[in-house]
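Below is a short report on one protein. Look at the sequence and the 3D view before reading on.

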Amino acid sequence: MKKKQNTTWKAVFWNCGFAVIAILLTALGTEIALGQTDTARIQGTVLDQANAAIPNATITLTNTDTGAILTATTDGSGNFTFTALVRGNYSAQVQASGFTSQTQKLTLEVSQVQALNFHMQPGEVSTSVTVTSAAPIVDTTTSSTGAVIQGRQISELPLNGRNFTQLALLVPGVTRGAYGSDASGANGNAETYRYSETGGSAISANGIRQQANNFELDGVDNNDGLVNTIVFFPPVEATQEFRVNTSVAPAEFGKAGGAIIQSSIKSGSNQIHGSAFIFDRDQIFDANPNYFSPGSKAPTFHRTQFGGTLGGPIWKDKLFLFGDYQGLRLKQPNGSSFQTVPTAKMRQGDFSELLDPGLTAGKDLTTLPDATLTGCPTTTVKVFGAIYDPLTCAPFPGNVIPSGRTNKAGINYFNAFPSPNVSGTVLNNYFTNPSQTERFDDFDVRLDATLSQRDLVFGRYSYGQDNLTKDSLFPTLPAGFGSGQNPTHPRGVVVGYTHTFTPNIVNEFRYGYLRPYYAYINPFEGEPLSANLGIVNANRNSLLGGGALIGGSNTQIAYTGDGGPYAVPQKSNQFVDALSWTKGAHALKFGASILRREVEFFQGNNSKGYFIIGGVNFPG
């Protein structure tokens, strides 16, 4: 069975000061999304000591990381603007005839609107005044609320698990939301299990549900199309910074009613920089779990997270490269439990142990009514534990099925179970301690180029190869919720081009291709496990490989089987363009975002066969 869903979003927006006007490009078969960028803007004034405007002053803005230089000239009101600026460290110098020059140093964050004001003093141009910080105490340039988590916070704050979304909890009004939800990955679902031990990507802003957020990476969509979780988790060393908007988002952002989380991968610079890390945890360092049993061992646990980053110039002041890699190797218990498996006698058709209260944990199973027998008078009530002859509707003598009446498929099925390892009982007579393993291999490569003072381009490729494998409860039969493999293999490409037409007209273009993919592969997938046991009409094709669902409640034999594999391949193509126009003290922004997303869902028929043994329903 195949289900397919296509979604296309198109919109255009204008933003003029505090006014916002939205015009839809299409109305049929579309959903609304708004163009967005992750670049910053500087908006400032140049005044003299009497607060009079200084026209024709020249402001030179230098990116101290890459050496890129931009210039602007103040208008008659002393206003100037720099738009579409890459986040990073800058130095701004202003010069005007008859005044001493001034220099201010500042750091621009993702989507920041920075006020930069100069008050110049009369004097010789050769005299220079340096201001070490340009950031105002109160940001009056935007009505949005939220915060920016900066690179130093990301890399230096203790962060067990290295999930950058943990730091979003530093923003007022942001929590993980409902504890144990699917969004947090607590239930081990294929689409959300990554970083589930640290909350996954579950974020609730001001009480809004966890699926109402909008994740962006380098100015393009970073959202799964089925459950709206995050696609790429940028490594903390590779994350320049990220912004969390919790309310009154700017007009250029749409689609989500919750938080907007904008993150960005670091760029290379004129200086070679990098990092390396490894974190290792092992059960050999754990305390003895049983003080009174010196020989006991801690449960199997081994977690290693490792990786690094490297960035630098390919061509100084022109071309820069940055790359990161992060790997995870994790093996840990997946919940120990006691299960009920057939005893040696049961494998021979002898169920006399079910009638012995001493072997049934004090329960007299012969007094527990279960159901009427198929084909027998309705007055015949099956007593749980007693084995009835479907031909006579009478119990088998001694609860033993004659050898000529046993079903070969039933005996094969019983023999596929492991032998009991807990003595003195027929219930919960097998202790199992399955484990689960996770293997992550993720990397990003980003290239930035300064073609000219007017032209900047960048490209990024992101790759994820993440797998979660849960062992079955039994070595030769599939059993246990979610046992099997859960691959998550996202891929993504982003390119961007920024062109400055004039100092007050700048255009930004982004193209993003996103290919999320996750799936579930059941144990023994492709293997005709049930057919090999002799169950008629099971595993009729390769898609229905594995085990048929049998048993599994209360005092019954442990259930086995699985629901069959599924896969959710997706792909999206996004085009974003934004034109910024500065007119005096007003900043106007025109833009459009077109996103075409395809979500496909593949799942085979769950039916793998029905298990009846010689007309007698075995317990379980």
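## The second largest cavity

In this predicted model, the lining of the second largest cavity has 9 nonpolar, 2 polar and 4 charged residues. The lining is made of 15 residues, and those nearest the centre of the cavity are Phe232, Phe233, Pro234, Asp442 and Tyr463. Two elements give two or more residues to this lining, namely E27 and strand E28 (455-470). E28 gives the most, with 4 residues.

The volume of this cavity is about 110 Å³. In the structure there are 7 cavities of 30 Å³ or more. Rolling a probe the size of a water molecule over the atoms shows where such empty space is left.

## The second largest pocket

The second largest pocket holds about 910 Å³ of space. It is lined by 49 residues, of which Asp65, Arg87, Gly88, Gln240 and Ser267 are the closest to its centre. By class, the lining of this pocket has 15 nonpolar, 23 polar and 11 charged residues.

Strand E27 (residues 435-450) gives the most to the lining of the pocket, with 4 residues. E27 is also one of the elements that give two or more residues to the lining of the second largest cavity.

Is His489 buried or exposed? The relative accessibility of His489 is 15%, so it counts as buried, because the cut-off for buried is under 20%.

Leaving aside residues up to four places away in sequence, His489 touches Gly464, Gln465, Asp466, Asn467, Arg515 and Tyr517. Gly464 is 25 residues from His489 along the chain, yet their C-alpha atoms are separated by 5.2 Å. Two side chains make polar contacts with the side chain of His489: that of Gln465, at 3.5 Å, and that of Asn467, at 3.3 Å.

## Helix H2

Helix H2 covers residues 408-416, and its buried residues are Ala409, Gly410, Ile411, Tyr413, Phe414 and Ala416. At the start of H2, a side-chain oxygen of Asn407 comes to within 2.8 Å of the backbone nitrogen of Ala409.

## Two residues with positive phi

Arg162 is not a glycine, but it has a positive phi of about 60°. Arg162 lies in the loop between helix H1 (151-156) and strand E12 (174-175). Its relative accessibility is 6%, so Arg162 counts as buried.

Asn206 is another residue other than glycine with a positive phi, near 55°. Asn206 is in the loop between strand E13 (204-205) and strand E14 (214-217). Its relative accessible area is 48%, so Asn206 is partly exposed.

## The protein as a whole

The protein contains 3 helices and 34 strands. Of its 620 residues, 50% are buried. The accessible surface comes to about 28200 Å², and carbon and sulfur atoms account for 56% of that area.

How many of the contacts between residues at least 6 apart in sequence join residues at least 24 apart? The share is 67%. The pair His489 and Gly464, 25 residues apart along the chain, is among the residues that touch.

Terms used: Residues numbered from 1 in each chain as written. Predicted model: local features only at pLDDT ≥ 70, side-chain atom pairs only at ≥ 80, totals over all residues. Heavy atoms only, no water. Buried < 20%, exposed > 50% of the residue type's maximum accessible area, 1.4 Å probe, protein only. Contact = heavy atoms within 4.5 Å. Areas by Shrake-Rupley, 256 points an atom, 1.4 Å probe, with all protein chains shown as cover. Polar contact = N/O pair within 3.5 Å; in protein donor to acceptor, adjacent residues only side chain to side chain. 1 Å grid on protein atoms, 1.4 Å probe; cavity = no way out; pocket = protein on both sides within 12 Å on 5 of 7 lines; lining within 4 Å. Points joined across faces, edges and corners; volume = space filled by probe spheres on them. Nonpolar A, V, L, I, M, F, W, Y, C, P; charged D, E, K, R; others polar.
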